[in-house]
Amino acid sequence: MALTITNLSATPSDDEPLFVHNDGDEDRSQDEPTSVGFTSRFLAQKPRGPMTCDRYPRVCRAAGSAGPDCCKKRCVNVKTDWFNCGMCGKKCRYLEICCKGKCVNPMSNRLHCGDCNNSCNKGSKCQYGMCSYA
C-alpha cells in the first residue's frame with residue numbers, strides 16, 4: 001500500500017516535462033543572487049604575513065607555544081629540542097636526546113637512563129636504558 005502511494009507521488013504530471021534539455025545558452029544571472037557590493041573593513045585590509053618570533057619575540061612566550069626561545073624563526077625549547085640543544089643550531093647525535101640543554105645518551109647515562117632525569121640508584125649502572133646492578 002505504501003509503495004503505491006510513493007510511486008504515484010513520484011510520477012510527473014502532464015504539464016511537467018519528464019526531461020529538461022539545457023544547452024547552456026540560457027542566461028542564469030537572474031536566478032543567482034547578486035552581491036550587495038559592501039566590502040567590510042576587515043576584508044579590505046592587506047593580509048599580514050605570519051607572526052614569526054624573529055620579528056615578534058613575545059610570540060614564543062604565549063600559551064601553547066612550542067618553547068620560549070627563538071631559533072631560525074621558530075619557537076623552540078633549547079633545554080629539550082634535539083635540533084637546538086642548549087643553543088640554536090646545536091644538534092644531538094643519533095641515539096642522543098636533549099636533557100637540560102645537553103645531549104646525552106639515554107642508553108648509558110646514569111643521570112638520564114632511558115629518559116631525561118631518570119637517575120639510577122647508587123651502586124647500579126645504566127645498561128640499554130635500564131638501571132641494573134652489576
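This is a predicted model: local features need pLDDT of at least 70, side-chain atom pairs count only at pLDDT 80 or more; totals for chains, interfaces and linings use all residues.
**Exercise 1. State how many disulfides the model holds, then work through the pair C60 and C75.**

Solution. The count comes to eight disulfides. A disulfide is a covalent bond between the sulfur atoms of two cysteines. Start with the distance: the sulfur atoms of C60 and C75 are 2.2 Å apart. Now the handedness. The angle about the S-S bond is -85°, and the link of C60 and C75 is left-handed. C60 lies in the loop between α2 (41-44) and β1, and C75 lies in strand β2, so the pair ties together parts that are 15 residues apart in sequence.

**Exercise 2. Describe the disulfide of C71 and C88, and decide whether each cysteine is buried or partly exposed.**

Solution. The sulfur atoms of C71 and C88 are 1.9 Å apart. The torsion about their S-S bond is about -75°, so this disulfide is left-handed. C71 lies in strand β1 and C88 in the loop between β2 and β3, so the pair ties together parts that are 17 residues apart in sequence. Now take the cysteines one by one. C71 is buried, because its relative accessible area is 4%. C88 has 45% relative accessibility and therefore counts as partly exposed.

**Exercise 3. Do the analysis for C92 and C103.**

Solution. The sulfur atoms of C92 and C103 are 2.2 Å apart, and the two residues form a disulfide. The torsion about the S-S bond is about -85°, so the link of C92 and C103 is left-handed. C92 lies in the loop between β2 and β3, C103 in strand β4, so the bond ties together parts that are eleven residues apart in sequence. At 15% relative accessibility, C92 counts as buried. C103, with a relative accessible area of 22%, is partly exposed.

**Exercise 4. Where does G89 lie, and which residues does G89 touch?**

Solution. G89 lies in the loop between β2 (74-76) and β3 (97-99). Its relative accessible area is 44%, so G89 is partly exposed. Leaving aside residues up to four places away in sequence, G89 touches F83 and N84. K72 is 17 residues away from G89 along the chain, and the C-alpha atoms of the two are separated by 8.7 Å.

**Exercise 5. Name the strand that holds S132 and list the contacts of S132.**

Solution. S132 sits in strand β6 (residues 130-133). Not counting residues up to four places away in sequence, S132 touches S124, K125 and Q127. With Q127 there is a polar contact, side chain to side chain, at 3.1 Å. S132 and C120 are twelve residues apart in sequence, and their C-alpha atoms are 8.1 Å apart.

Note on methods: Residues are numbered from 1 along each chain as its sequence is written. Side-chain values use heavy atoms; hydrogens and water are left out. Helices (H or I, at least four residues) and strands (E, at least two) are DSSP runs, numbered from the N terminus. Buried means under 20% relative accessible area, exposed over 50%, partly exposed in between (1.4 Å probe, protein chains only). Contact means heavy atoms within 4.5 Å. A polar contact is a pair of N or O atoms within 3.5 Å; within protein, one must be able to donate a hydrogen and the other to accept it, and residues adjacent in sequence count only if both atoms are side-chain atoms. A disulfide is a pair of cysteine sulfur atoms within 2.5 Å.
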